Amino acid sequence: MDQLSSSALTFLQKKLSLLEPLISVETAKSAQQTVLILQLPQSIALSSDNGDWKQALQRGKNRIVVRIWKGSARWWNLNRHGGSSDLKAIARDELMGYRLARLALNDGKDTQRRPYIPHILHESLDNDACHPWAMVEYVGKESLLFQDESFDDAWCESMVFIRREFGFDETHPRWGRVPADQAKRPIDWLQNDNPHRRPRGAEDVYPPIYTFQTMLLLHKQALKQLQTCQCADVTLVNALMKLDRSIMELTTDSSSIESLAPTLVHMDCQPQNILFSKIIINGCNNLKSIVASVLDWEEAAIADPRFELLMLGRKVCANRTQADIIWRTYSQQMQVNLGSIDPWLRLETIHSLTVLLLQCMDESNHSRSPWETKPELVQKIEREVCRLGETSSHHVQE
């Protein structure tokens, strides 16, 4: 309860005419933000013009979600935190991600279509006295979303904290990763759904638009910052030199990469952010797992859709073969020429190495706290340097 801001609680009391205390406040796991699931008492009074709230409370069985933004590190800014303006910016981007996803996937109103995107009920982003916060429709296991379908958490529950990943045993101390033999599950989503519908006018409300070239430029700027650091560690110095050469090589190779039409991307489609349900097929006892909802849009952006495939291929898949299947499946389903996956994998490895160097050299503007000790960061840097050597020709198949 202490984590629930006074302004959010005051708003709830006025909006719903709460006369009784909240039944429960549950904290959901989140890397950067505070996420609270509130169970409200039955004695709620809403006026007739509050249709969205009534429907949301009915679907959520009197539960709502409060998101309080406390960190602004994102893949797009090399996981670096900024000031209060950046905090508000990431909050605005995430809320816009939810809204655009509803327009794209639910036409803004279709509650039966899957995946169903939660509705934003209220936001408070400009109050300087507290962190930005918003109230979002609850669509979890206890919601009506799973009334006629069984909640399927097998993908999330199966995650492991050490996985053989692109040639190395990688540790994932926070959430973990799905086992290698389950890593191709997103392919079913790509085959059965169109995850990249593009809402009309999205570019007008959601600048900037990210391309391969703009992200490459961002890494060049970070490299200049790193090159001004005084560092005597041989491993870090060698890594910095490798990063410099790799960026120059990729700059040359990227001249042939044509940008695709920008679309809404999620950029964090990992098991903890995807809710699955099991449905019966054709009245038989055969069960099929489908995506019921997609949560946590804080990395959302309007960008080249290959960024989404890149994150699936590098962070969800366990090896190059699986990443190639993701790439090829999307190309076939969307009937679009994606080009080679190689420069994109090299870009992601450059991104990982840059972030690790910024953290290790304390040049990350109070970056998202690394989950590793400095020796562990150095070890990861050595691995990314090895990967850069491999992706210069072809990514490892293992």
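Biologist: How many bridges join β3 to strand β5?
Modeller: Five, and β3 and β5 (residues 133-137) run antiparallel. Two strands count as paired if DSSP finds at least two bridges between them. In this pair, valine 66 stands opposite methionine 135 in β5.

Biologist: Before I go on, what kind of model is this?
Modeller: This is a predicted model, where local features need pLDDT of at least 70 and side-chain atom pairs count only at pLDDT 80 or more, while totals for chains, interfaces and linings use all residues. Residues are numbered from 1 along each chain as its sequence is written, and side-chain values use heavy atoms, with hydrogens and water left out.

Biologist: And how many helices and strands does the protein have?
Modeller: Twelve helices and 13 strands. Both are DSSP runs, numbered from the N terminus: helices are H or I with at least four residues, strands are E with at least two.

Biologist: Back to β3, is it buried or exposed?
Modeller: Strand β3 (residues 63-68) is mostly covered, with six of its six residues buried. Buried means under 20% relative accessible area, exposed means over 50%, and partly exposed is in between (1.4 Å probe, protein chains only). Arg63, Val65 and Arg67 point one way from β3, while Ile64, Val66 and Ile68 point the other way.

Biologist: Which way do β2 and β3 run?
Modeller: β2 and β3 run antiparallel, joined by six bridges. Isoleucine 64 in β3 is the bridge partner of leucine 38.

Biologist: What do β1 and β2 form?
Modeller: A hairpin, with five residues between the two strands. Five bridges join β1 (residues 24-28) to β2, and these strands run antiparallel. Glutamate 26 stands opposite isoleucine 37 in β2.

Biologist: Where does asparagine 50 lie?
Modeller: Asparagine 50 is in the loop between β2 (34-39) and α2 (51-59). Its relative accessible area is 11%, so asparagine 50 counts as buried. Its side chain also makes a polar contact with the side chain of lysine 15, at 2.5 Å. A polar contact is a pair of N or O atoms within 3.5 Å; within protein, one must be able to donate a hydrogen and the other to accept it, and residues adjacent in sequence count only if both atoms are side-chain atoms.

Biologist: OK, helices now. What are the buried residues of α7?
Modeller: They are Phe212, Met215, Leu216, Leu218, His219, Ala222, Leu223 and Leu226. Looking down the axis of α7, these buried residues fall within an arc of 155°, so they line one face of the helix. The arc is taken from the directions from the helix axis to the C-beta atoms.

Biologist: Why would spaced-out residues point the same way?
Modeller: An α-helix has 3.6 residues a turn, so residues three or four places apart point the same way.

Biologist: And what covers the buried residues of α7?
Modeller: The cover includes β9 (209-210), α8 (234-253), α9 (306-316) and α11 (342-360).

Biologist: Tell me about α11. Is it mostly covered or exposed?
Modeller: Mostly covered: 19 of its 19 residues are buried. At 1.5 Å a residue, α11 should span 27 Å, and its end C-alpha atoms are 27 Å apart, which agrees. The expected span is 1.5 Å times one less than the number of residues.

Biologist: Which residues touch the most other members in the largest nonpolar core?
Modeller: Of its 53 residues, those are Trp76, Met215, Leu243, Phe307, Leu357 and Ile381. A nonpolar core is a set of buried Ala, Val, Leu, Ile, Met, Phe, Trp, Tyr and Cys residues joined through side-chain atoms within 4.5 Å. The largest share of this core, ten residues, comes from α11.

Biologist: What does leucine 243 touch?
Modeller: Leu223, Leu226, Ile350, Leu353, Thr354 and Leu357, not counting residues up to four places away in sequence. Contact here means heavy atoms within 4.5 Å.

Biologist: Last one: where is glutamate 382 found?
Modeller: In helix α12. At 38% relative accessibility, glutamate 382 counts as partly exposed.
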